[in-house]
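Please look over the model below before reading my notes. I have kept them brief.

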Amino acid sequence: MQTVFMTEQEIDRLEDLLASDTFKGESMTLDTLQGFLCAITSAPETIPQAVWLPEVLGESPHYASPQEEMETMDLLLKFYSSISSALANGDDFDLILYSLEDNPDELDYTAWCDGYIYASQLGEVNWFKAAGEFTEDLGEKMEAFFLLNGLLKEDALKHKQPWLTAKEEKRALEKAQEDLPTIIGDIYRFWKTRQASANPMRLESDKIGRNDPCPCGSGKKYKQCCGQEPTLH
């Protein structure tokens, strides 16, 4: 697949459009969107545009003109294609991350990971259930997202479970940040390899009940573990 490239001007324009009054604050920010689309294109199933597009732009955008709508869609789909082609070709690409409001010297990974996790739960196929005997392998890869968006720590503190020391947490976060681009590619190949296998694993489409045991093997209820609803920023 030929890699699709976007210019800085195109990315900046898409960012401005998403932040405009057209979407009344319902559209995703560019960092969340990149994480979201990385998961959409990596998923073990094809998630139709009609399903994911309203999650990106909101249900009822108020475009100022047909030209604005066309420009938004053209740039959004080109952004999707640039991500999809880069992952397919194993190309490196920069993560879009904003600085933390209270600490401009640090990057905010929360919104990016929220977008990825949200998209991983959007389709009919449950990722952990579909992974079958490789659930533990997938869980290890996904752990970085839950660590970086704070859900792992939040869950541990909520249930009064031991958590890392400040030094250990800092080291774990730094490693997750460093490994994240590789993990994104690994998960993409994880699913594509299984889809292309001569004996592909059957993808279960049954939804897991929120009170059922989480398929990641944590021993918790699904709603208290991987089924938590992320907060999009």
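1. Basis. This is a predicted model, where local features need pLDDT of at least 70, side-chain atom pairs count only at pLDDT 80 or more, and totals for chains, interfaces and linings use all residues. Residues are numbered from 1 along each chain as its sequence is written, and side-chain values use heavy atoms, with hydrogens and water left out.

2. Glu45, setting. Glu45 sits in the loop between helix H2 (30-42) and helix H3 (49-57). Helices here are DSSP runs (H or I, at least four residues), numbered from the N terminus. Glu45 is buried, at 18% relative accessible area; buried means under 20%, with a 1.4 Å probe and protein chains only.

3. Glu45, partners. Leaving out residues up to four places away in sequence, Glu45 touches Gly123, Glu124, Val125 and Gln195. Touching means heavy atoms within 4.5 Å. For Glu124, the backbone nitrogen lies 2.9 Å from a polar atom of the Glu45 side chain.

4. Lys24. The loop between helix H1 (8-18) and H2 holds Lys24. Lys24 is not a glycine, yet its phi is positive, at about 50 degrees. Most residues other than glycine have a negative phi. Lys24 is exposed, with 58% relative accessibility; exposed means over 50%.

5. Lys160. Lys160 belongs to the loop between helix H8 (151-158) and helix H9 (166-196). Its phi is also positive, near 55 degrees, and Lys160 is a residue other than glycine. Lys160 counts as exposed at 76% relative accessibility.

Definitions and conventions:
Helix = DSSP H or I, 4+ residues; strand = E, 2+ residues; numbered from the N terminus. Polar contact = N/O pair within 3.5 Å; in protein donor to acceptor, adjacent residues only side chain to side chain.
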